[in-house]
Amino acid sequence: MPINNLGLDLGSDSAGAGHQASDGVADSSTTRCKDLWLSDGNIILEAENTQFRVHQSILARHSILFADMFTLPQPADESAIEGCPVILLQDSAEDTEYMLRGLYDRCYLSKDPIPFKAVAAMARLGEKFMISCLRSEALARLRTEYPSTLAEASVAQAPEKTFTTIIEEPGLLIKIANLAHDSKLWTIRPMVYLWCCLIMDVDSISHGLELEDGTRAHLSRDVQYLCLYGKQKLDEAFRKCFTWVQRIGQTRSCGHKKVCGNLAKNIIEECLAQGSVNLSLLFAEAWSIYDPEGTHPDLPFSKILCSSCFEVANTCANKGREKLWEELPSYFELPDWEELKRLDAMSTCIL
């Protein structure tokens with residue numbers, strides 16, 4: 001595979017011009033990353049005029065691409081600094097530093113939350129340079145935040161999304177949505193897009209979400225289209241899933257028609273008539289805890305309804321949730337869950 005097609009340059013010919021003096025010393029236009037300029041390193045990566053002196057063996061051990069590249073014959077006049085060949089990267093210096101810290105320090109393998117930029121760098125460069133350990137770590141963190149099973153989503157989600165593996169920052173959801181699309185992170189995309197539809201109206205999806213500092217975070221054009229399309233499909237599916245609510249309090253076997261009927265009316269008015277998906281109905285075990293007006297905060301839903309209506313609610317609601325979840329990827333023009341998992345597995349195994 002041609003190196004240039006991968007955004008790499010071996011540092012020879014024109015690549016060395018303007019980066020290295022004739023005596024093999026870096027010129028004044030470059031800076032060295034102090035923490036990643038290793039005295040016994042034998043190769044130099046340069047990104048945005050920042051240089052990293054590292055080990056060819058470490059890169060080759062973790063990256064199929066680097067390993068293959070190092071087997072290519074190098075030109076006799078290859079430029080070098082302090083005897084180390086220079087590889088010019090087209091990636092940002094920040095992403096490159098996160099990538100190398102991930103390989104050397106293994107600082108992202110803990111359970112502690114890490115910056116989104118670190119996750120994004122591991123996802124992007126893990127894919128580009130075929131570094132499966134970094135790609136897998138990024139995907140594992142994102143999957144924790146955005147699960148691919150209904151059971152996991154029911155536990156992990158809440159009306160106010162909180163992150164456990166990524167440090168929260170303004171516009172984080174939008175940044176993750178764009179990363180998921182651009183870096184082909186498949187299994188998290190249905191949930192990420194769903195969240196975009198839940199917290200963003202049509203105007204915000206189309207024109208960006210205003211942040212606390214006055215700036216706006218924008219979804220990419222492709223993600224905008226998918227969310228606008230999905231928002232309509234999701235609203236239609238949500239209403240269809242919960243048409244059974246109208247039966248509550250209306251059956252012959254209902255023992256508390258007034259109480260059950262009033263609760264059904266509340267669900268319709270508070271949740272289904274607002275023109276948006278209600279998260280508690282979709283994810284939570286709503287039929288044990290749901291109380292639309294907060295009138296019975298400590299009283300289970302099963303104790304508010306009569307036994308007959310609760311059985312209808314519990315059975316139909318769970319079937320509806322399961323069906324909506326199964327179809328969720330299709331609302332955003334994605335393949336089914338099994339195919340999404342297969343695509344992610346391929347990307348982390350690096351073919």
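How do α10 and α15 run relative to each other, roughly parallel or roughly antiparallel? They are roughly antiparallel, and this briefing shows where they touch and what else is worth a look. Welcome to a predicted model, in which local features need pLDDT of at least 70, side-chain atom pairs count only at pLDDT 80 or more, and totals for chains, interfaces and linings use all residues. Residues are numbered from 1 along each chain as its sequence is written, and side-chain values use heavy atoms, with hydrogens and water left out.

**The chain as a whole**

- The protein chain has 16 helices and eight strands; these are DSSP runs numbered from the N terminus, with helices being H or I of at least four residues and strands E of at least two.
- Of its 351 residues, 50% count as buried, where buried means under 20% relative accessible area, exposed over 50% and partly exposed in between, with a 1.4 Å probe and protein chains only.
- Among contacts between residues at least 6 apart in sequence, 65% join residues at least 24 apart; contact means heavy atoms within 4.5 Å.

**Helices α10 and α15**

- Two packed helices are described by the angle between their axes and the distance between the axes.
- For α10 (residues 221–241) and α15 (residues 307–331), the axes come within 10 Å and cross at roughly 160°.
- Axes here are lines fitted to C-alpha atoms, for helices over the stretch in contact, and angles run from 0 to 180 degrees between N-to-C directions.
- Angles under 35 degrees count as roughly parallel, over 145 as roughly antiparallel, 65 to 115 as roughly perpendicular and the rest as oblique.
- On the α10 side, the residues that meet α15 include Leu226, Tyr229, Lys233 and Phe238, and their partners in α15 include Gly320, Leu324 and Tyr331.
- By class, this contact of α10 with α15 has nine nonpolar, three polar and one charged residues; Ala, Val, Leu, Ile, Met, Phe, Trp, Tyr, Cys and Pro count as nonpolar, Asp, Glu, Lys and Arg as charged, and the others, Gly among them, as polar.

- Among the buried residues of α8 are Pro190, Met191, Val192 and Trp195.
- The axes of α8 and α10 come within 9 Å and cross at roughly 75°, which makes α8 roughly perpendicular to α10.
- Here Arg189, Tyr193, Leu194, Cys196 and Cys197 of α8 meet Val223, Leu226, Cys227, Gly230, Lys231 and Leu234 of α10.
- The residues of this contact of α8 with α10 divide into eight nonpolar, one polar and two charged.

**Asp91 in its loop**

- Look for Asp91 in the loop between β6 (84–89) and α3 (93–104), where Asp91 is buried with a relative accessible area of 11%.
- Its side chain is joined to that of Lys128 by a polar contact of 2.8 Å; a polar contact is a pair of N or O atoms within 3.5 Å, and within protein one must be able to donate a hydrogen and the other to accept it, while residues adjacent in sequence count only if both atoms are side-chain atoms.

- Leu343 sits in α16 and is buried, with a relative accessible area of 19%.
- Leaving aside neighbours within four places in sequence, Leu343 is in contact with Trp186 and Pro335.
- Ala345 also belongs to α16 (residues 337–349), but Ala345 is partly exposed, with a relative accessible area of 35%.
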